Amino acid sequence: MSGQSQRLNVVPTVTMLGVVKARLIGATRGHALLKKKSDALTVQFRAILKKIVATKESMGEAMRASSFSLAEAKYVAGDGVRHVVLQSVRSASLRVRSHQENVAGVKLPKFTHFVDPAGASSGGPSGASPSLTGLARGGQQVSACRAAHVKAIEVLVELASLQTSFLTLDEAIKTTNRRVNALENVVKPRLENTITYIKGELDELEREDFFRLKKIQGYKRREVERQMAAAKLFAEEQLAEDLALKRGVSIGGATNILVGGGDKDEDIIF
Amino acid sequence: MYSWEMLSFNIHDGFLEAIVRGNRSGLLTQADYNNLCQCETLDDIKMHLSATEYGPYLQNEPSPLHTTTIVEKCTLKLVDEYKHMLCQANEPLSTFLQYITYGHMIDNVVLIVTGTLHERDVNELLEKCHPLGMFDSIASLAVAQNMRELYRLVLVDTPLAPYFSECITSEDLDDMNIEIMRNTLYKAYLEDFYKFCAKLGGATAEIMCNLLSFEADRRAVNITINSIGTELTRDDRRKLYSNFGLLFPYGHEDLAVCEDVDQVRGVMEKYPPYQSIFAKISYGESQMLDKAFYEEEVKRLCLSFEQQFHYAVFFAYMRLREQEIRNLMWISECVAQNQKNRVHDSVVPIF
């Protein structure tokens, strides 16, 4: 059959037509909804992309500033200061918390940073309060360096959050678009084809029925005519019989001949 | 005074003085710095340095060069020169040379103690120690859990022992204490060095006491500025100032109560030698102070080469080399990070 894949394999009945029509309506509504979702996601996607570009630019700046401030600290406080700082770190004071944000049904992970009071109070250069590292030389540079790095981390966290959202959103958009396209290009045409097919089949059946009815009607009419004709003949014969009886002449023999010939050729009667 | 030294100085120390003056001419000149500042990559820096005394130390480094490698190799050269001089030295010059390294020794001890407190691997820590401040029993520092044990088990055998005896408390070590301990030790070290130099007498005493006074004053100012806004109390701050120098004792009293940088400036401007330093930096700015101090230090160190027959040249040479390494580090960092407009900010040319 032409377009075998283009229609569902169903029995062409009126019930089925109803079912398929309902499915088509569902598919259309679903398609509209998904299209809307896809649009909403794309808007979000563009916004995030814009933010990512801006954040990346500022990240370049922040990273450069932070690594340069480290060089400054090393210049003033000596190269050994990094070991001193490294050794006195206990636990991270700047931590990242993640939560989910819902955009058009897609769960986007969001990261926010916060200062862990436990880490901060444990002292050390990681603490929020200024420490005594580099007291004799370069203490200020060390704290400036820390401030610069904290800023860099903030930007990084923001960027990480955006990037993850970006990837998730990208995936979601792809899936949604795939669904939209599938609905638009496969499911809906198939349902429509099925409906056309069922309708066609039903029409065909109807036409067949009509034809049959007509045929039967014609047959019936012919039958009636024939019976009418037979009744007429019979009536005439009766009449002839009556006449013959009155005359005293039997026309039975003739009749017999006529009847016997009547089986073969009706025309002889007339 | 000088005549006596002239008579006897060269008997023991003439050779080494000749060596150190020879090494001094190996320090990078302004022309070298100009060339280095023009460099585009670290490889260019390496190429320029290969024409200097650092050449043999850097020549076998593979090409993806890193700033830390350059600094490491340059420090290695300094250490080699120091060891060479120490081997040749007689008393009391050998003691003098050892005194120079005590500062690094203190840093190493503090580093190991800090690392041990945070349960780091000792071997890993030893790699990070400054090579000038190594001593035999340094690895066993890791066993100590509090100050008393630290002193009793390890430090009593090191030259640092007398300094520790001053700041012994049985308190457990924590970060605040360690930083205070470091500075207390350094204070004791500077005072001891000062006394030792005064005892040597002659031109050594004159020049070294001058240099050490400057060092002590600089520390006092830095401690004051860096402790503004921290938990360090005024009394604690006062205790960290060395008991000599131009600022001692009245300047220390004033510094101890300072609450911001401008007050420090007010105190320091009473002292003519420091007026010029503070005149260079604008109000409310403390970033450039370090450079100003470094410049002043370099000037004073260079002046010590103007006299003969004294030990201060050794001290000056070591310090100038360290400054040179700092300069190299700064230049390489600037080049590596594409911040060439900042190159001239912190380079202190020597000679």
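Modeller: B:Phe309 is buried, because 20 other C-beta atoms lie within 10 Å. The cut-offs are simple: a residue is buried with 20 or more other C-beta atoms within 10 Å of its own, exposed with 12 or fewer, and partly exposed in between, with C-beta atoms placed from the backbone. This is a predicted model, where local features need pLDDT of at least 70 and side-chain atom pairs count only at pLDDT 80 or more, while totals for chains, interfaces and linings use all residues. Residues are numbered from 1 along each chain as its sequence is written, and chains are lettered from A and ligands numbered from 1 in the order in which they are written.

Where does B:Phe309 sit in chain B? It lies in the loop between helix H16 (289-303) and helix H17 (312-336). Helices (H or I, at least four residues) and strands (E, at least two) are DSSP runs, numbered from the N terminus. The backbone of B:Phe309 deserves a look too. Its phi is near 60°, a positive value in a residue other than glycine. Most residues other than glycine have a negative phi, and most peptide bonds are trans. Now compare positions along the chain. B:Gln263 is 46 residues away from B:Phe309, and their C-alpha atoms are separated by 41 Å.

Follow the chain through H17 to B:Asn338. This residue is in the loop between H17 and helix H18 (343-346) of chain B. Is B:Asn338 buried or exposed? It is exposed, because it has 10 other C-beta atoms within 10 Å.

Chain B has cis peptide bonds as well. One joins B:Glu91 and B:Pro92, with omega about -5°. B:Pro92 is in the loop between H5 and H6. Another joins B:Phe248 and B:Pro249, and omega is again about -5°. B:Pro249 is in the loop between helix H12 (234-240) and helix H13 (250-256).

Next, the core. A nonpolar core is a set of buried Ala, Val, Leu, Ile, Met, Phe, Trp, Tyr and Cys residues joined through C-beta atoms within 7 Å. The largest one has 110 residues. Those with the most contacts inside it are B:Ile106, B:Tyr189 and B:Phe314. H17(B) gives the most to this core, with 15 residues. Which residues does B:Ile106 touch, leaving aside its neighbours within four places in sequence? They are B:Leu160, B:Arg182, B:Leu185, B:Tyr186 and B:Tyr189. Contact here has a cut-off: the C-beta atoms of the two residues, placed from the backbone, lie within 7 Å.

H5(B) (residues 67-88) shows how a helix can face one way. It has 22 residues and reaches 32 Å from its first C-alpha to its last, close to the 32 Å expected at 1.5 Å a residue. The expected span is 1.5 Å times one less than the number of residues. Its buried residues are B:Thr67, B:Ile70, B:Lys73, B:Cys74 and B:Met85. They cover an arc of only 150° around the axis, so they are on the same side of H5(B). The arc is that of the directions from the helix axis to the C-beta atoms. An α-helix has 3.6 residues a turn, so residues three or four places apart point the same way.

Finally, chain B meets chain A. Here 33 residues of chain B are in contact with 26 residues of chain A. On the chain B side, helix H6 (93-117), helix H10 (175-200), helix H11 (202-227) and H17 each give two or more residues. H11(B) gives the most, with 6 residues. This side of chain B divides into 9 nonpolar, 14 polar and 10 charged residues. Ala, Val, Leu, Ile, Met, Phe, Trp, Tyr, Cys and Pro count as nonpolar, Asp, Glu, Lys and Arg as charged, and the others, Gly among them, as polar.

Chain A has 5 helices and 2 strands. Their pattern along the sequence is α-α-β-β-α-α-α. Of its 270 residues, 23% count as buried.
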